[in-house]
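Colleague: I have a chain open on the screen and would like to talk it through. Can we start with the record and then go to the sheet?

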Amino acid sequence: MRVEITDEARRYIGTFDELVGVAPTDCLVFEDGDRLVFLIPAGEMAEAVGPGGRTVERVEEQLGASVELVEDADTPEAFVANALAPAAVRGVTVSRQNDVVAYAEVVEADRGVAIGADGRNIETARTLAARHFDIDDVQLA
């Protein structure tokens, strides 16, 4: 599946790569650039975060935005679980009936984390899942 990346997102990806040495595969830009979500290649998350999160903090200072990272995955189930992190996801089931819906079973104590303030975490998961796996919706089970 081919993902359309805006010129603005490409600039953020390039800057992230220059600062960190990890090339994100996607970038979502929210709220006029105040919040950025980078999709990090599988296996490169530790390098992207850096010791104690210092690398992400440096990127946030440089870009003047809140930065969130999501690790890529080969399967839609693993991808949705990663997109909902740091919430503890017990499992994800993808239903392909009229629409393609991913049902994520989240530990009850982490439902608020999965949803996020004003629903922004689940919306991020929905947006990324639609862009990368043609998933129409992500629901918490």
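Modeller: First a word on the record: UniProt positions are given in the numbering used here, feature names are shortened, and annotations may be inferred rather than shown by experiment. This is a predicted model, where local features need pLDDT of at least 70 and side-chain atom pairs count only at pLDDT 80 or more, while totals for chains, interfaces and linings use all residues. Residues are numbered from 1 along each chain as its sequence is written, and side-chain values use heavy atoms, with hydrogens and water left out.

Colleague: Which residues does UniProt list for "domain: K Homology"?

Modeller: The unreviewed UniProt entry gives residues 32-134. That span is 42% helix and 26% strand, and its end C-alpha atoms lie 25 Å apart. Helices (H or I, at least four residues) and strands (E, at least two) are DSSP runs, numbered from the N terminus.

Colleague: Now the sheet. What is the strand order?

Modeller: The order is β4-β5-β6, in an open sheet of three strands with mixed pairing. Two strands pair if DSSP finds at least two bridges between them. β4 (89-96) and β6 (137-140) are the edge strands, each pairing on one side only.

Colleague: How many bridges join β4 to β5?

Modeller: Seven, and β4 and β5 (residues 100-106) run antiparallel. A hairpin of three residues links β4 to β5. By contrast, β5 and β6 run parallel and are joined by four bridges.

Colleague: Which residue in β5 is the bridge partner of Thr93?

Modeller: Tyr103. Tyr103 also stands opposite Gln139 in β6.

Colleague: Different topic. Where does Asp110 lie?

Modeller: Asp110 is in the loop between β5 and α5 (111-115). Leaving aside neighbours within four places in sequence, Asp110 is in contact (heavy atoms within 4.5 Å) with Pro86, Ala87 and Ala88.
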